[in-house]
Amino acid sequence: LIERAIGDNISGYPAGAAVPGETIPAWYLWADKGGIQTFLYDQLRINRLTISGAETQMLNARVDLVGATETEVSDLSAGGTVVDCDTVFHFSDIVLTLDSTAFSIKSFELTFDNAIADQYENSVTRSRFEAQSFGVSLRVSAAYRADTKALYRKAIAGDNLATLVIDDGVN
């Protein structure tokens, strides 16, 4: 999801760093609504992706998508991308690092925001998908005690050079 949100393939993953690409990649999605209706969503892009977690929990992802068209389909024989749901991300496998020091945290929320504007330009469906800006924010909640004082001091001083590693505990 991060690759689709920022437009980069995160070369060298999991050790590589993500650098925002020039464009946000387009993709499509088939949604089967309980055997009643099936829809194809075309030219999807991620407007906002929020990954969050709290102690003792699995990580959550909220995705705000924008697309061009929604078409009801009855034949899915063309196949499609199948999402691998075997990989699990647990809060206990994340690491927050600041100045080469790992800190224990209680919760976090990481957001990638592309701020895609509504642009229809003589059309009834979206015709352009341009990000108006790109923002990344990380909110962290940590207990205030002796081993986290440095984290609070850095935040108050405006030092925002933190690294959050999200791992599945296996790879």
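Trainee: Which pattern does the protein chain follow when read along the sequence?

Mentor: The model is a predicted one, and its secondary structure comes to two helices and nine strands. Taken in order along the sequence, these elements of the protein chain give α-β-β-β-β-β-β-β-β-α-β.

Trainee: Of the contacts in the protein chain with a separation of 6 or more, what percentage is due to residues 24 or more positions apart?

Mentor: A contact here requires heavy atoms within 4.5 Å. Among contacts in the protein chain with a separation of 6 or more, the share from residues 24 or more positions apart is 57%.

Trainee: Which element supplies the largest share of the largest nonpolar core?

Mentor: The largest nonpolar core has 23 residues, and Ile-94, Ile-105 and Phe-108 are those with the most contacts inside it. At least two residues of this core come from each of helix H1 (2-6), strand S1 (27-33), strand S2 (37-54), strand S5 (95-98) and strand S7 (107-113). The largest share, six residues, is that of S2.

Trainee: Which residues does Phe-108 touch, not counting those up to four places away in sequence?

Mentor: Phe-108 is one of the residues with the most contacts inside the largest nonpolar core. With residues up to four places away in sequence not counted, Phe-108 touches Ile-51, Ser-52, Gly-53, Leu-59, Phe-91, Ile-94, Leu-138, Arg-139, Val-140, Leu-164 and Ile-166.

Trainee: How many residues does the other core have?

Mentor: This core lies apart from the largest one, and its members include Ile-24, Val-66, Ala-68 and Phe-129. Its residues number five.

Definitions and conventions. Residues are numbered from 1 along each chain as its sequence is written. This is a predicted model: local features need pLDDT of at least 70, side-chain atom pairs count only at pLDDT 80 or more; totals for chains, interfaces and linings use all residues. Side-chain values use heavy atoms; hydrogens and water are left out. Helices (H or I, at least four residues) and strands (E, at least two) are DSSP runs, numbered from the N terminus. A nonpolar core is a set of buried Ala, Val, Leu, Ile, Met, Phe, Trp, Tyr and Cys residues joined through side-chain atoms within 4.5 Å. Buried means under 20% relative accessible area, exposed over 50%, partly exposed in between (1.4 Å probe, protein chains only).
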